Amino acid sequence: MGHQPAAPIPPAEAYDAPSDFGGVWVGEADRTVGTLEISSLGTGRYRGYFHGDDVEAEYVLLLQQDDVSVGDQAIPGNRATFNWQDGRGGRGEGWMLINREDSALTGAFGAQGMMDRELTFIRVE
C-alpha cells in the first residue's frame, strides 16, 4: 500500500467576515495529537508551530492566506497554503481550510507533491 496523492487543493472561498487563522488549536497532524499555535506575521501571513502531546513531533509552518474577490474588493478567504519543516530534514507543502465560525481547521500536507497526511484542529481560545 503505497502513498497516494490526496485530492486536489480545494478552492478558497469568502465568508461574510474575513477569516482569521491566528490562535491556539488542538487536534491532530498526521495522526499525532498536539497543539498548533498560529501567530500573525502581517496581512495574510502567519507562522505556525505544532508540537505533539505524547510523542516528539514538531512542525514549523509558514502560511499564506488566500484573498478572495467579492465584488470590487478582496477579503481574506478561508484557505491558507503553507510550507513546513520538521527540524530533522523533513519539509514540504500543505493547505488548510477554516470553517465559517473560525473554530475548526482541516487540511492536508506532505512532501514531494504527496499531500498524504491529514490535519484537523479546533480552536481552544
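Reader: In which loop is aspartate 54 found?

Author: Before answering, note that this is a predicted model, in which local features need pLDDT of at least 70 and side-chain atom pairs count only at pLDDT 80 or more, while totals for chains, interfaces and linings use all residues. Residues are numbered from 1 along each chain as its sequence is written, and side-chain values use heavy atoms, with hydrogens and water left out. Strands (E, at least two residues) and helices (H or I, at least four residues) are DSSP runs numbered from the N terminus. With that numbering, aspartate 54 is found in the loop between strand E3 (45-52) and strand E4 (58-70).

Reader: Is aspartate 54 buried or exposed?

Author: A residue is called buried under 20% relative accessible area, exposed over 50%, and partly exposed in between, using a 1.4 Å probe and protein chains only. Aspartate 54 counts as exposed because its relative accessible area is 75%.

Reader: How far apart in space are aspartate 54 and glutamate 93?

Author: Along the sequence, aspartate 54 and glutamate 93 are 39 residues apart. In space, taken from C-alpha to C-alpha, the distance between aspartate 54 and glutamate 93 is 24 Å.

Reader: How many helices and how many strands are there in the protein chain?

Author: Read from the N terminus on, the elements of the protein chain run β-β-β-β-β-β-β-β. The count for the protein chain is therefore zero helices and eight strands.

Reader: Why is glycine 92 counted as buried?

Author: The place of glycine 92 is in strand E6, which covers residues 91-98. Glycine 92 is counted as buried because its relative accessible area is 8%.

Reader: Which residues does glycine 92 touch, not counting residues up to four places away in sequence?

Author: A contact means heavy atoms within 4.5 Å. With residues up to four places away in sequence not counted, glycine 92 touches Phe82, Asn83, Trp84, Gly110 and Ala111.

Reader: Is threonine 32 buried or exposed, and which residues does threonine 32 touch?

Author: Threonine 32 has its place in strand E2, residues 32-42. At 17% relative accessibility, threonine 32 counts as buried. Leaving out residues up to four places away in sequence, threonine 32 touches Gly27, Phe50, Gly52, Val55 and Ala57.

Reader: What is the phi of arginine 31?

Author: Arginine 31 is found in the loop between strand E1 (23-29) and E2, and at 72% relative accessibility arginine 31 counts as exposed. Although arginine 31 is not a glycine, its phi is positive, at about 65°.

Reader: What is the phi of glutamine 112?

Author: Glutamine 112 lies in the loop between strand E7 (104-111) and strand E8 (114-123), and counts as exposed at 77% relative accessibility. Glutamine 112 is a residue other than glycine, and its phi has a positive value near 50°.

Reader: What radius of gyration does the protein chain have?

Author: The radius of gyration is taken over C-alpha atoms, and the globule rule is 2.2 Å times the number of residues to the power 0.38. With 125 residues, a compact globule would have a radius of gyration near 14 Å, and the protein chain agrees with this, having 14 Å.

Reader: What share of the 125 residues in the protein chain is buried?

Author: The C-alpha atoms of the protein chain fill a box of roughly 45 × 30 × 20 Å along the principal axes. Of the 125 residues in the protein chain, the buried share is 39%.
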